[in-house]
Amino acid sequence: MLSDVIEFRIDRRSGVSTYMQIVHQVKQAMRLGLLSPGDRLPSAREVVEATTVNPNTVVKAYRELEHEGLVQGRRGLGTFVIKSLSSEATTGDDAPLRRELTAWMRGAVESGLVVEDVDALYTAVREELYPSEERSRTR
């Protein structure tokens, strides 16, 4: 049975490797406060049963997270979160920025925007405000 805390969704058409999708999803759950220090990640077997990915892929993702100092494998016990990426003040359900974003998203839905429109708009604004290193070097 996969953990109620995190349910991996693998998009085989995304162009992003499966192990990196798992890494990104764990980090996102950590940032949103869904995973906190001390929480156990689902076992490789649980992830394989829920997603039908290769067990080695899950192990590779967990090793990457361990290499980044975010989780720690404990022989016979599982893989545990050892660091927090969450800031309750900015990502919690009652955080002002989250409430503003929720209101904005509702407005986008009411205006008829589809998820691809929202993603494109978000990406354009994010790139303006958070330029990538590559774009920063070319300026």
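A pocket here is an open set of grid points where a 1.4 Å probe fits, with protein on both sides within 12 Å along at least five of seven lines, and its lining residues have an atom within 4 Å of a point. With that in hand, let's look around this predicted model.

**The largest pocket**
- This pocket has a volume of about 1,500 Å³.
- It is lined by 30 residues, and those closest to its centre are Gln 28, Leu 101, Met 105, Tyr 122 and Arg 126.
- Helices H1 (18–31), H4, H5 (96–110) and H6 (115–129) are the elements that each give two or more residues to this lining.
- Sorted by class, the lining holds 13 nonpolar, nine polar and eight charged residues.
- Domain 1 (18–81) and domain 2 (96–135) each provide at least three of the lining residues.

**The second largest pocket**
- Here the volume is about 190 Å³.
- H3 (55–67) and S2 each supply at least two lining residues, and H3 has the largest share, with four.
- Among the residues lining this pocket are Arg 40, Tyr 62, Glu 66 and Thr 79.

**Lys 83**
- You'll find Lys 83 in the loop between strand S2 (78–81) and helix H4 (88–91).
- Its relative accessible area is 40%, so Lys 83 counts as partly exposed.
- Leaving out residues up to four places away in sequence, Lys 83 touches Met 30, Pro 37, Gly 69 and Leu 70.
- Lys 83 and Pro 37 sit 46 residues apart in sequence, yet their C-alpha atoms are 5.3 Å apart in space.

Technical notes. Residues are numbered from 1 along each chain as its sequence is written. This is a predicted model: local features need pLDDT of at least 70, side-chain atom pairs count only at pLDDT 80 or more; totals for chains, interfaces and linings use all residues. Side-chain values use heavy atoms; hydrogens and water are left out. Buried means under 20% relative accessible area, exposed over 50%, partly exposed in between (1.4 Å probe, protein chains only). Contact means heavy atoms within 4.5 Å. On a 1 Å grid over the protein atoms alone, a cavity is a set of points where a 1.4 Å probe fits but cannot get out, and a pocket is an open set with protein on both sides within 12 Å along at least five of seven lines; lining residues have an atom within 4 Å of a point. Grid points are joined across faces, edges and corners, and a volume is the space filled by probe spheres set on the points. Ala, Val, Leu, Ile, Met, Phe, Trp, Tyr, Cys and Pro count as nonpolar, Asp, Glu, Lys and Arg as charged, and the others, Gly among them, as polar. Domain bounds come from an automatic or database domain assignment.
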